[in-house]
Amino acid sequence: MIFLRSCLAAIQLNLASLKHRLWPALVVVVGIACVVATLLSMLSMTVGLRHTWQRAGSPGRAIILPATAQDEGDGTLSRAQAQIIKDAPGIARDAKGRAIADPEIINGLVVRRRDTGGRGFIRLRSFGPEGLALRPEFRIVAGRMYQPGKHEMIVGAEAPGQFLGVGLGDTVTMPDGLWPVVGVFKTNDDLVQSQLVADSDTVMPAMRQTAYTSITVRLAGANGLALLTRAVTTNPALSVKVERQSDYFNRRSAQFSNLNDALVYGVGVLLGLGALLAAVNILHSAVMARRCEIATLRALGFGAGSVALAVAVEGLLLALAGAVLGASVAYGLFNGVQHISNNTAFHLIVSPAMIALGLGWALAIGLLGGVLPAFHAARLAVADGLRAS
Amino acid sequence: MKYLPLIWAALTRRKLRTVLTLLSVTAAFTLFGVMMATDAGFQRMVEVVNRSVVVTFPRFADNLTDGMGQQIAGMSNVAAVSPGANVFGYYRDPKVQAGLMMVGDEAGWPNLPLSHAQWAQWRNRPDGAYLSRKTAAQWGVKKGDYFNIVDNHTARADGKHAWRFQVLEVLDDTPYWPGGFSFGSYQYYKMSRPAADQPKDGWFQAVVKDSAGAEDTAIAIDARYANSAIPTDSISERTMRGDAGTAIVNVAAVTRRVAAVGLFMILLLTAHGMAQSVRERLGEFAVLKTIGYSDWGVIALVFAEALAPAILGAALGLGLAALLAGRIPNLLPTLPLSDPYLSPAVIAQAFLAVLLLAFLSVILPALRLKRLDVAAILAGRT
């Protein structure tokens, strides 16, 4: 108890003297803020991009892919296979008893990027008649819906900002000529909003394709996924896999974090090292400058432990202030800002979890930065300290 | 010269502080070096590109025809057109992807590091291949060796999947192909294909007369075939390379911003360190002034004190960066394939940054030294 009280008193005294050491303290705070802000700004890209992918998935839907396919555009499913899957149990049915299941075709089209004028790739996602029933989040915001059978398509609201020649009224080059863009749609602010959509039975012959690339279904009830999986994976006529749609997009979005992690954390560690050395330097100088004061405290009966703890706590508090400053700057500058990566428009995100990570990073710097000076303060010889002034 | 002992004495007085400053400057310049070298490596990869080259890919399927090549050759601003294709699969181990770029004639491929004689060799040895040292080392082949590339997607007239090549020469790597290169002859490719596929080409490479109009030529080619049975996808090689650097992350923006943040942090630290060091030694400076040192002499002394650890730290940091830089392509698959390059420009920038760092961190202490009230300090009145 006495130790605790003496610690508190030492900390109080330490902090009271902080205003005389304002500039050095600010250097530590701003240095750590730089580290946290940089770390969060880089992470905000990965997290934002992942989030945009994850939003496209719904736990109430499932996606069926050929067994060898990783991505929804990778493999092929014939019309016959599609029909077998549609008849499987576990799929929700509409009022007329038809399965709410939609075979889709994913194609990549080459377009010009608006920012660099270079090549970009936009996905043409082709729906069948059930495509809309599956996606309540889908709505037309300008122009009109495409008419099945006609050579026309609609565009996601984010795409015209990224690519040239895909806006309402533009024409898109297809293998059999130019298709007009007749409408603009919005979804759930997900990656589909950066894509083109057309009718699958119109696109298939135009692209000289004979197969779909995936099937998306609405699941019936809680055990829909289990029923559907059992039915289609045990059918010898099929070689497919079933994934909950939310799991699928979650899995696919992981590629971005894997790609960026080395860059983000490498930079975070190097910058953190710089800030750490700065913190050690400055806290150590502070201890040296306050030798006399510390020696007086020791002479008055404060223990070495409480004096050391006070120095360490100061390091942590400065780190905390730096983290708050850095996180606020990152949040203010980056959160919600629109960004384009990998042909997908998304909003940068500075999430609470990321702020917690930044906080942890900063506190680690503060803790490590405080240890050496604290040790030094604890070992200061009282007599030397008192003679120092 | 007479300042050197003074500077040394000042730096060694507070050894821990000097060492910590040195280490943090080293950390900052390591980051600066790695980031700027990545940026420079990428910029170089774009800069070395031949500005006259326009490539035309089929937009939907592998179905460009020889006739289209002749039509493109007839367009204004086009000097030569030559076909290209990839033989791509694996060498020995199915898990290790490998392939060759099969190239047409010399006039259409000015961007290849091949001499007239080397081009001519292909006439006698169409199955010959030129590999870069990097690629040859990866595949474990040397000049004169035969090797097979198994390509399951490109049909051959004999129905097999193996493409047999002989290494004609192993050439030096160039920044044009940071990951190494391997070239084969398009003639060999064409003749090995089934008869029905022989008139089909993988892609065309056009060389334009006026490189400023390269992008316009690309747009003109696409416009010509936009509403045809075989729409094309053309782009100048330079634009294509530049795109790689912004497709996933904007390399230039990220690397430069991070380098700047690192330098700013170190500026704060050294500036604070110098201010503190000067404050602690006011008496010493007063004595120097009393014995005849000029204002500027004293300021130069302080500047040199700031400069010494900054220069040493920057040199150490850039050295570490050079060591790390070679490993970056493996560490950062996000960034497009490019060899990080500590270019003279990056080293010059680092040197400028060091000078600026020392200068900025000395401004405030220098002002203080100029206003120094010698008498008051020597009398112990401050």
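These legends go with several close-up views of a predicted model.

**Before you look.** Residues are numbered from 1 along each chain as its sequence is written, while chains are lettered from A and ligands numbered from 1 in the order in which they are written. Because this is a predicted model, local features need pLDDT of at least 70 and side-chain atom pairs count only at pLDDT 80 or more, whereas totals for chains, interfaces and linings use all residues; side-chain values use heavy atoms, with hydrogens and water left out.

**View 1. Chain A as a whole.** Twelve helices and 13 strands make up the elements of chain A; helices (H or I, at least four residues) and strands (E, at least two) are DSSP runs, numbered from the N terminus. Along the principal axes, its C-alpha atoms fill a box of roughly 95 × 45 × 30 Å.

**View 2. Confidence along chain A.** The mean pLDDT of chain A is 88, and 98% of its residues reach 70 or more; pLDDT is the predictor's confidence in each residue, from 0 to 100. Where pLDDT is low, the predicted coordinates should not be read in detail.

View 3. With a relative accessible area of 13%, His284(A) is buried (buried means under 20% relative accessible area, exposed over 50%, partly exposed in between, with a 1.4 Å probe and protein chains only). Leaving aside residues up to four places away in sequence, His284(A) touches Pro373(A), His376(A) and, from chain B, Leu16(B); contact means heavy atoms within 4.5 Å. Gly370(A) is 86 residues from His284(A) in sequence, and their C-alpha atoms are 8.3 Å apart in space.

**View 4. Val19(B) in helix H2.** Now we move to chain B, where Val19(B) lies in helix H2 (residues 15-47). Val19(B) is partly exposed, its relative accessible area being 43%. Follow the chain for 294 residues and you pass from Val19(B) to Gly313(B), yet 9.8 Å separates their C-alpha atoms.
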